[in-house]
Amino acid sequence: MSTGTTVKGSVGVAMKRKEDPRFIQGKGNYVDDLSFPGMLYMAIVRSPYPHAEIVNIDIAEAVKVPGVKAVITGKDLEAAGLGWLPTFHGYDKQMVLAIGKVLFQYQEVAAVFAESRGAAADGAEAVQVDYNPLPVVADPFTAKKDEVLLRNDREAKTNHIYHWEVGDKERTAQALEASDKVIKQRMWFPRCHPAPLEPCGCVAQFDTMGRLTFHVTSQAPHVYRTAITIVTGIPEDKIRVISPDLGGGFGNKVPVYPGYVCAIVGALKLGRPVKWIESRTENLTSTGFARDYHMDVEIGAKSDGTVTALKVSTTADHGAFDAAADPTKYPAGMFGIVTGSYTFPVAHAEVDAYFTNKAPGGIAYRCSFRVTEASYAIERGMDILADELGLDPVELRRKNFVKKEQFPYPSALGFTYDSGDYHHTLDVALEKIGYQALLKEQVEKRAKGELMGIGFSTFTEVVGAGPSKHFDILGIKMFDSAEIRIHPTGSGIVRAGTKSQGQGHETTWAQIVAEELGLDPQNIMVEEGDTDTAPYGLGTYASRSTPVAGAAIAMAARRIRERARKIAAHLMEVGEGDVEWKDYKFQVKGVPSKSVTMKEVAFAAYTNPGPNEPGLEATQYYDPPNMTFPHGAYIAVVDVDRETGEVKVRRFLAVDDCGTIINPMIVEGQVHGGLTEGFAIAFMQEIQYDKDGNNLNTNFTDYLVPTSLESPAWETANTVTPSPHHPIGAKGVGESPNVGSPAAFVNAVIDALSPLGVRHIDMPVTRDKVWRAIRDAEAKKDRP
Amino acid sequence: MIPAAFDYIRAGSADDAFAQLQRLGGDARVLAGGQSLIPAMRFRLARPSVLVDINAIPELRTIRLDDQALALGAIARDSDVERASWITERKWRLLHDVSRVVADPVVRQLGTVVGSLCHNDPSGDWPAAALAARAVIVVRGKAGLRTVPIDQFLVDSFTTSVEEGEMAVAVRFPVPDDRTAGAYQKVERKVGDFATAAAAVQLSLNADGTVREAGIALSAAGPCAVRVAEAEAVLQGQKPTAELIRAAADAASKKSEPQADLRGSIDYKKNLAGVLVSRGLRQALAHLGVQS
Amino acid sequence: MKVSVKVNGVAHERDVEPRTLLAYFLREHCGLTGTHVGCDTSSCGCCVVVMDGDTAVKSCSMFAAQADGHEITTVEGLAQGGALHPLQQAFWDQHGLQCGYCTPGMLMTSYALLKHKPTPTEAEIREELAGNLCRCTGYNNIVKAVRQAAETLQGSPAQK
Amino acid sequence: MNLQYTGEEIIPAERATVWKAITDPAWVGRCLPDVVDVTVHDPTHFDAVAQVGVGPVRGKFKFRFELMPGTAGDRLDMKISGGGFGSAIDLTAGADVIDAGGGTTRLKWSGQAIARGPVAAVGGRVLDAQAQKLISQTFANVRERLSTPA
């Protein structure tokens, strides 16, 4: 029966990516690559004012521009009942095109449809808008005063959006009171932007029967389909959303943007396909930003360093609309992970969010819903505590880590950490970087007046949203799905509700299926992003693909295996109970020589299924029982130039524990990329607004993406603590490096400057800020 | 983003280009490397009605080095300088350094030295270098060719002494003597950014080690690149000591009148001006084998 | 206006507006969508193509009219006779790409780089690629890939 | 971005003459540097089209003016707004009109420019020079035109 060939395992193999051949030959298929007969281009007129009444919009000149077909404004949309679109967590809404007034600079005011990109831009330029400027609220602390009310469309006459809290406020206050030492620090995690290299865009077209095909840069195509139905009333069966190749996403391609609605309206109104591709400026100024959290962190401890309590009060700036993409019940996302890797007996976290005249958002940029903010707060806080107690930051961490035997560990803020071995991961990191030698070098350097710093971050993440009893977006539970079909000759197709943006799902999903079924991953095709073919899923963000969809795929494969077992029993003429799955094939228990491969079973499923149901297909929805909790130990080594404030990251080691590793090459690549984004956030990236509400970082000349020259060479390693509840023990990794690294970078800089008495610098840690901190510290020292 | 519509004229020769500019006056702009102009046009900040493209004129790409001067034609690319055979000679060290930090490596393939001087961005690299190296610009006007010393050429932010209808056709750098070296020190937030601050330095020494001529200039330190004559004077005729270098650096810091922006505050940039002049002088001296 | 450009060895003559950027000429008039556009400020390098065999240019900061009479090589022109170019192979082998959006530009800049510096050091590669942004890879593997390609093209190990 | 400028002009003319001139929209409009067209709407409002040409920023830009003469005849404020392609530039300028004796008048002026949108974000460094030129040159032209009898 068996051909005798050995089938190898596929999970854990550094398999080259199956998607790469098309990308390296310029055969990728991104939204802007699409072209359809009669296609029009759309351009958006945007407001230069952050807060202003719209006195008049004059489109007379614009419609005269050669090539311009139509111009629509907020009034037109409002009349059609399309004035507003819901934001994902369901308790705010966002204007599609400004109605009555504009609430942030670069807000969408009108849409122009034309025969070419150039004509659309000419038309947009010709739209005359008269504004009457209103007082601007450019920060949440001004917003809090409620002197200027921004959102008069809302019932509540306040700029306050929500108050959210978790933990025991009273006991935390008491514990802090009783602590030997309490550190307090205001930390700002600045507003940043995912800025994928491919901007957002779409092509909307209706066929002759009125069915909408909507190609769009979406990390969550099914959610888009549902959202389009909610906004436009087009029945969901009349909508096909296709998310083709995505040039990065990082959270930016989760929300539904006003431009998409305008393109659909234009396509409907004009009966022609409409393409809208935003410019880099539009991307940075109007689509989902991340962070903008002002966090007041208090940590209490005994004098020996044992932590006693944690309190974090946050003021959040959501901009003009609360367009965060957090799950409904979690307006501040997973911020409750702020107790980190440490055994706080009690803790309290609260977030108050405000509207301001800034771009809307609050999305999860390469992070599982506010986990980056939380990790930064606790990891920076632990360093400040170590400094004030005169303890080694490593020892302080080690002393307070959740111990291996404490898992599953119930945190003070309500999570149940699934698994981990924090001590081991840290030990591996210390050993690998040569901590003792670095400490010795630092002592020598300090004696010479040189500024060298070593910074740590030993973070715990919470990813894989999420269990349906807690998590939903627009009411839709955050499960995910997979459908697998095995073809007669032993190849197959897997479809999932996720959408890769570079993570390599076409490879890793195939590896999971191949591992579970003993097939060749090269012959497992992966298809995502087409709502007509893929089963419903919530998409790819928040490191949820592997924990949720990856599990669904493994479970679907196991379903197939169970069906295959029956056919194998039929083929080997034994009872089903006598067949076992061993060494990637079915064999008769105790008779290794009698076996059939999955390939053989697959053929039989279509040619000779016996009494069993023919075919070999399965669909599986997976509702995770818990989140997964990846962790890591990161170490940064920096040298600071006193004269210029320049920080050179000399070394950076990331030891990650993301549970079972499906493809080590891809995991390493994910870590490299996340670290580089973390590096950028720590040192150079910020969406800054001046006090008048002007966005100052509107393109890549001022919103800085590090190049190959600035980016450090990364060192990586892994420890493996499988998740006990995930079918293959995987936890997710894409976001860990972006979550964990900012604190390590900042901690290293502060460590370098600590001999001068510098305690904290807010990100981005620019040369100017470092130089100023040194200068001020030295001036203070010089004073008697 | 798409530029506003314009008419395009491809000049077949330098004479043709000049004639077109004379004919069109203020409505026309020269398209050389286009690496500043085209992005500005995409944002519609620049909207010339006619572009006169001079890229198809081989005579303007020439780089001529004789006993007196190095002459770079109007479309000699930054990368032509970066890859020139003579660029590794010590006396051209300033140009060497600059040619490797202008914009980014790909932009340098099209970007031109003369174009950068004509653009006269207050934070550009070539204007400061040209000041330190005492370059002259060759401008073609109604009365024929004239040479303009760089100090007179740079008038104000984004403004030069080239009048409407005129055309800068080359820049000439005097050939330094063999006891010359320079350095360009630039602090930028990342590759491709304009300078937060930058210092161009060129030193020629006498046989006895005293300074025969010093050229010191700053970028991002005012409305346009600025010569620090005070620092040059400090060094002139002296053996460069640590003390004199400090004095020159202090003069540079004092002379620097930067604007506060996303790149840094005024006091930070003033500090940098001094630090970078000091580092540049030390580096130039090190090239000359002088410990400082 | 008429513009005629030889792209990957094939002559393309099109009637375009003078304001047509080379990137859009290639993408929309020649149907070669491998060249991408990621910004408006010549910062990102997604649009890099090679002009006249060895000059990497940002095709979004150049008008198609300027390319008239020139030869342009795009990512689609790298593979020859069905065989991947050593750079393409190396980017695949070394996991030098993730989302793939910057990849064509990276490949073309690297292609021109290896024409000028056949055996670049790691530091030189990092310097020469600094006009191309990548948001996914952190560049480590891209640098490795260019080294591998250099070695393959040289048939011997590149100098360290 | 927010830019501030101040300056002073001594004009060889009586205060009343100066006042009459600078409160006349058609007259003021002609004082703008590189102005190509002035359209007066009413005694305090006019539009002016100016040819702007600094560095890469070149082209014709339209500005809307509102004159706000003080009742005491010693202070003139004006609001100027312009823009294009998603940008807005709002300038405010004010001048104290002071009798400086001997048939001369002192114009002590200050101006402020606020730019918003791409023009500020991308062209900010150019704009500073431009706004300064616009304001200072306007007042210089006031002096010039009142110095040379028409």
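Select chains C and A: 46 residues of chain C are in contact with 55 residues of chain A, contact meaning heavy atoms within 4.5 Å. This is a predicted model, in which local features need pLDDT of at least 70 and side-chain atom pairs count only at pLDDT 80 or more, while totals for chains, interfaces and linings use all residues. Residues are numbered from 1 along each chain as its sequence is written, chains are lettered from A in the order in which they are written, and side-chain values use heavy atoms, without hydrogens and water.

Stay with this pair. Of the five pairs of chains that touch, A and C have the most contacts. Together the two chains bury about 4100 Å², 55% of it on carbon and sulfur atoms; this is the accessible area (1.4 Å probe) lost on putting the two parts together, summed over both.

Next, show C:Glu28 and A:Arg117. They form a salt bridge whose closest N and O atoms are 2.5 Å apart. The rule (a side-chain nitrogen of Lys or Arg within 4 Å of a carboxyl oxygen of Asp or Glu) finds five salt bridges across this interface.

Now colour helices 1 (22–29), 2 (86–93), 3 (103–116), 4 (122–128) and 5 (140–154) of chain C, each of which supplies at least two residues of the side touching chain A. Helices here are DSSP runs (H or I, at least four residues), numbered from the N terminus. Helix 2 of chain C gives the largest share of that side, five residues.

Finally, select chain D with chain C: these two do not touch, and their nearest C-alpha atoms are 9 Å apart.
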